[in-house]
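Dear colleague,

Please find below the structure that I promised to hand over, with the sequence alongside. My notes on what was found follow directly after.

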Amino acid sequence: MDKKTIKRLLTYCKPYRFLIMLLTLLSIVSVVFTLLTPVLIGQAIDLLVGKNQVHFQALLNKLIFIGIVILIISLIQWIMGQITNTITYNITNDLRNKVFDQIQVLPLKYIDGTSHGDILGRLINDIDLIGQGLLQSFTSLLTGIATIVGTILIMAYIHFSVAVIVVVLTPLSLLVASLIVKRTHSYFQEQLAIRGEMNGFCEEMIGNQKIVNIFDYQVQNEEKFNEINERMHKSGVISQFYGALINPTTRLVNSIVYAAVGIYGAFQVLNGSFTVGILSSFLTYANQYTKPFNEISSVMSEMQT
């Protein structure tokens, strides 16, 4: 991704830094409660393991507490969604106003020499894509980073050796994602350029349909349209294919991590190193730890677009 472009985009976030700070704080609180849930579930499992050893009252209290925690998480995530929507749609509106103001001061030479469809594409389609990317990235990045850090600390506190397995294997998914992202960047750039060319061609030919008919230029137009469409099809298929590879490949790596934790944890339970409840907590943490990598890889793919 172009660092200069990202820096320019971040300047539009400055007016909403208070909301972003609030979003960051809520993300941390949400992650804390989310990471607390597997511990509580593990403790609840330990209360019912063994014949005639179920502590019903303690189990009921634990389930009520888990329900309260889940309700708090749901409320916080709803608030985060509202804040994210506010930030994203305001930034999108600011971008459109900025582009509109820029068009007003552009020299006529530039406007006459540039396809009108390309200009409209930047004003409408490109900014829509930016809005979609921001909407996905704000929450995913903030909660993802907080989840990764928090999960590592809790797993290391509970059982260091299992935490090492997860921490050592999981970065493989980031390595795979980064390799795919580097390969897709040029394809997404090409797709964007061809899309602008297509928009410009359609805008001009449809807007000047009478002139096209007078000079009997329909056949040449159709040939030109098919040529641009074919290039756009090839570029779109390649870029979308490679972009879509990111998520499943990272999920494959993360599934391997989950299986490794499950097998190693099962032997630890048989050896008496920790309980079934702790193993359940670790398996949940393995999922929670790998999930942000999947989300971040999806954000990387979205930002490429």
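Helices, in what follows, are DSSP runs of H or I with at least four residues, strands are runs of E with at least two, and both are numbered from the N terminus. Please bear in mind that this is a predicted model, in which local features need pLDDT of at least 70 and side-chain atom pairs count only at pLDDT 80 or more, whereas totals for chains, interfaces and linings use all residues. Residues are numbered from 1 along each chain as its sequence is written, and side-chain values use heavy atoms, with hydrogens and water left out.

The protein chain has 10 helices and zero strands. Of its 305 residues, 35% count as buried, where buried means under 20% relative accessible area, exposed over 50%, and partly exposed in between, with a 1.4 Å probe and protein chains only. If one takes the contacts (heavy atoms within 4.5 Å) between residues at least 6 apart in sequence, 87% of them join residues at least 24 apart.

Ile 64 has its place in helix α3 and counts as partly exposed because its relative accessibility is 47%.

Thr 151, by contrast, lies in helix α5, which covers residues 116-158, and counts as buried because its relative accessibility is 0%. Leaving aside residues up to four places away in sequence, Thr 151 touches Leu 35, Tyr 285 and Tyr 289. Leu 35 is itself one of the buried residues of α2, a list that also includes Leu 23, Val 31 and Leu 40. Helix α2 runs over residues 17-46, and its 30 residues reach 44 Å from the first C-alpha to the last, close to the 44 Å expected at 1.5 Å a residue (the expected span being 1.5 Å times one less than the number of residues).

Lastly, in helix α6, residues 160-169, the buried residues are Val 162, Ala 163 and Val 166. Seen down the axis of α6, these buried residues fall within an arc of 100 degrees, so they line one face of the helix; the arc is that of the directions from the helix axis to the C-beta atoms. Phe 160 and Val 168 are exposed on the other side of α6.
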